[in-house]
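This report describes one protein chain, from its overall form down to single residues. Please keep the sequence and the structure in view while reading.

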Amino acid sequence: MTEAPNDLQALDQLIECLAQALSDRNWDRLSELNQQVKTTVAPVMARLETGELSVEPVRERLERLQAFCDKASAGATEARTEAEQALKGVNRNKNAARAYQNVSGNESR
């Protein structure tokens, strides 16, 4: 049984790139890489089904990929929450500036 290193290496490389993009909080890159998951995993699964690959190396990689996906989901949720908080802060500052402008404008009259 051969280990089809090219397919497994491609999967390893994708997992590394996903981990780096998550570490960098590069959501655009994560989105790009996420689109490659299916096309990278498909040949590995096909070779597993035909017996060209051993189960254990594939299982290990899929577990790493699943763990990454869980972390990415949590990171995306955290980033969304941070963005919401930042927007609320901007709106509060805008409202405060508007209120100050209204008070300042009334005092000069």
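A contact means that heavy atoms lie within 4.5 Å. Counted this way, residues 24 or more positions apart account for 69% of the contacts in the protein with a separation of 6 or more. The model is a predicted one: local features need pLDDT of at least 70, side-chain atom pairs count only at pLDDT 80 or more, and totals for chains, interfaces and linings use all residues. Residues are numbered from 1 along each chain as its sequence is written, and side-chain values use heavy atoms, with hydrogens and water left out.

## Overall form

Helices (H or I, at least four residues) and strands (E, at least two) are DSSP runs, numbered from the N terminus. The protein has 4 helices and 0 strands, and its elements run α-α-α-α from the N terminus on. Its radius of gyration is 24 Å, well over the 13 Å that the globule rule gives for 109 residues, so the protein is more spread out than a compact globule. Here the radius of gyration is taken over C-alpha atoms, and the globule rule is 2.2 Å times the number of residues to the power 0.38. Along the principal axes, the C-alpha atoms fill a box of roughly 90 × 20 × 15 Å.

The accessible surface comes to about 7800 Å², and 51% of this belongs to carbon and sulfur atoms. Such areas come from the Shrake-Rupley method with a 1.4 Å probe; for residues, only the protein chains shown count as cover.

Lys and Arg count as positive and Asp and Glu as negative, while His and the chain ends are not counted. The place of a charge is taken as NZ of Lys, CZ of Arg, CG of Asp or CD of Glu. The protein has 14 positive and 17 negative side chains, and the centres of the two sets lie 12 Å apart.

## Buried residues and the core

A residue is buried when its relative accessible area is under 20%, exposed when it is over 50%, and partly exposed in between (1.4 Å probe, protein chains only). Of the 109 residues, 24% count as buried. A nonpolar core is a set of buried Ala, Val, Leu, Ile, Met, Phe, Trp, Tyr and Cys residues joined through side-chain atoms within 4.5 Å.

Which residues have the most contacts inside the largest nonpolar core? They are Leu 11, Leu 18, Leu 30, Val 37, Val 44, Leu 65 and Phe 68, in a core of 17 residues. Helices α1, α2, α3 and α4 (55-107) each supply at least two residues of this core. The largest share, 7 residues, comes from α1.

| Residue | Relative accessible area | Class |
|---|---|---|
| Val 44 | 1% | buried |
| Leu 30 | 9% | buried |
| Asp 7 | 15% | buried |
| Ser 54 | 22% | partly exposed |
| Arg 25 | 34% | partly exposed |
| Val 90 | 46% | partly exposed |

## Individual residues

Val 44 lies in helix α3 (residues 37-49). Neighbours within four places in sequence aside, Val 44 is in contact with Asp 7, Leu 8, Leu 11, Leu 53 and Val 58. Leu 11 is 33 residues from Val 44 in sequence, and their C-alpha atoms are 8.2 Å apart. Asp 7 belongs to helix α1 and touches Pro 43, Val 44 and Arg 47, again not counting residues up to four places away in sequence.

Leu 30 is in helix α2. With residues up to four places away in sequence left out, Leu 30 touches Leu 18, Ala 21, Leu 22 and Phe 68. Val 37, by the rule that leaves aside neighbours within four places, is in contact with Leu 14, Leu 18 and Leu 65.

Val 90 is found in helix α4. Between Val 90 and Thr 39, 51 residues apart in sequence, the C-alpha distance is 41 Å.

Two residues sit in loops. Ser 54 is in the loop between α3 and α4, and its C-alpha atom is 13 Å from that of Asp 7. Arg 25 is in the loop between α1 (5-24) and α2 (27-34). Most residues other than glycine have a negative phi. Arg 25, which is not a glycine, has a positive phi of about 55°.
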